[in-house]
Amino acid sequence: MGNGKFGGHFYPGLYIFFYGLYQATLVSKAVTVSDSPGYVSYPPKNKKRCAKLKIAYGGWLKIVTGSLFAFYVVFCLDDGMVLTNKGMPPRFMYPKEWQHLTMFILLALDGCVDVMSKNVLRQRCVLLERGATVMSFHVLLLLLVSHVKESSGVELQVHSLLILVVFLLMLVLTAELWAPEMFHLRMIETFLYLMMGSWLMHTSFILFRPVSGFQWEDDDISDIMFVTTFFCWHVMINALCMLGIYGVSSFWHRCYSPSLRLMGSKDALYHKSSSGTFYKLLQEAEQQDKDEQALLTKISPCDRA
């Protein structure tokens, strides 16, 4: 059970943290490009030829990750995931594990919505994708609030801080439904994803595998105070992480962007002023990442023709 609980916190946190890093690279790239004078935007060269190969990589990743986590929760229990016992009257069993399973199913369903919007519908519906994510975080917040009903001491403090991050992330995602072009909201969202992921990973060590080898004491006020101190350190470290990613992105753009613009000047179709919206720049960055990934994997039938 201890190993299962450790993995149930660490691996989801690892996934969320890497997702936050990916979002940070996109946000930094978009902000760097929008701050550059005379920015020239180029359409992808293989957009028409390989339009049918646009795969919702993020959606499929959510489906696979959510499904793997769900199977992990089910099979980490020695007795199996039973809903009630055989007593009279029957009582519900493993309430926290069932809540974990619900969270991971929500992640897989969110991925299904992404795949349906990008690959099944005739026209992509971004509002549907964002709405599904917002709904998932509303449900996640409800589950987390009831998740700590029987907690106390260190465990309660750890999960209360996690609930704070999820609540703020839910507010930001909800606000983005009405203001999708505000890059400030996207930056806050990225930071909260990093916070949620790193804190979940640290939580697994605090509750189940302390680095010192000794369990944290619930009746020791210094342990509870240091939980909050560690959380504040996460805030500073993740902020520095985002600043570092932005610095690397800015350095890369300054060093390599001029040569790239010269190489692509003959194929430029239109110029875009620096007053362009952040949301459009972010979409272009995501499209360029998809096109580069398609070329690297060499799955395009048009390249073989």
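1. Let's start with how the chain folds back on itself. Among contacts between residues at least 6 apart in sequence, 77% join residues at least 24 apart; a contact here means heavy atoms within 4.5 Å. Please keep in mind that this is a predicted model, in which local features need pLDDT of at least 70 and side-chain atom pairs count only at pLDDT 80 or more, while totals for chains, interfaces and linings use all residues. Residues are numbered from 1 along each chain as its sequence is written, and side-chain values use heavy atoms, with hydrogens and water left out.

2. Next, the parts list. The chain has nine helices and two strands. Helices (H or I, at least four residues) and strands (E, at least two) are DSSP runs, numbered from the N terminus. Read from that end, the order is α-β-α-α-α-α-α-α-β-α-α. Of the 305 residues, 42% count as buried. Buried means under 20% relative accessible area, exposed means over 50%, and partly exposed lies in between, using a 1.4 Å probe and protein chains only.

3. Which residues touch the most other members of the largest nonpolar core? They are F137, V166, M196 and W199, out of 51 residues in that core. At least two core residues come from each of α1 (2-34), α2 (57-75), α3 (95-120), α4 (126-147), α5 (153-178), α6 (183-207) and α7 (221-263). Helix α6 gives the largest share, with twelve residues. A nonpolar core is a set of buried Ala, Val, Leu, Ile, Met, Phe, Trp, Tyr and Cys residues joined through side-chain atoms within 4.5 Å. As background, nonpolar side chains in soluble globular proteins tend to be buried together.

4. Now take a look at M196. Setting aside residues up to four places away in sequence, M196 touches I16, F137, L140, L162, V165, V166 and L169. Two of these partners, F137 and V166, are listed with M196 among the residues that touch the most other core members.

5. W199 sits in helix α6. Is W199 buried or exposed? Its relative accessibility is 0%, so W199 counts as buried. Beyond residues up to four places away in sequence, W199 touches V158, L161, L162, I206, V227, F230, F231 and H234. W199 and H9 are 190 residues apart along the chain, and their C-alpha atoms are separated by 9.5 Å.

6. L200 also belongs to helix α6. With 10% relative accessibility, L200 counts as buried. Leaving aside neighbours within four places in sequence, L200 is in contact with H9, G13, I16 and L162. For L200 and G13, the separation is 187 residues in sequence but 4.8 Å in space, C-alpha to C-alpha.

7. How do the helices pack? The axes of α5 and α6 come within 10 Å and cross at roughly 160°. Axes are lines fitted to C-alpha atoms, for helices over the stretch in contact, and angles run from 0 to 180 degrees between N-to-C directions. The two helices α5 and α6 are therefore roughly antiparallel. Angles over 145 degrees count as roughly antiparallel, under 35 as roughly parallel, 65 to 115 as roughly perpendicular and the rest as oblique. Helix α5 passes α6 in a left-handed crossing, a name used if the near helix is turned anticlockwise from the far one by less than a right angle, and right-handed if clockwise. The contact of α5 with α6 has 21 nonpolar, two polar and four charged residues. Here Ala, Val, Leu, Ile, Met, Phe, Trp, Tyr, Cys and Pro count as nonpolar, Asp, Glu, Lys and Arg as charged, and the others, Gly among them, as polar.

8. Helices α4 and α5 pack at an angle of about 155°, with their axes 9 Å apart, and are therefore roughly antiparallel. Their crossing is left-handed. Residues making the contact include F137, L140 and V145 of α4 and L162, V166 and L169 of α5. By class, the contact of α4 with α5 has 15 nonpolar, six polar and two charged residues. V145 counts as partly exposed, at 39% relative accessibility.

9. Finally, the axes of α3 and α4 come within 9 Å and cross at roughly 175°, which makes α3 roughly antiparallel to α4. Among the residues in contact are M103, L106 and D110 of α3, with L140 and L144 of α4. This contact of α3 with α4 has ten nonpolar, eight polar and five charged residues.
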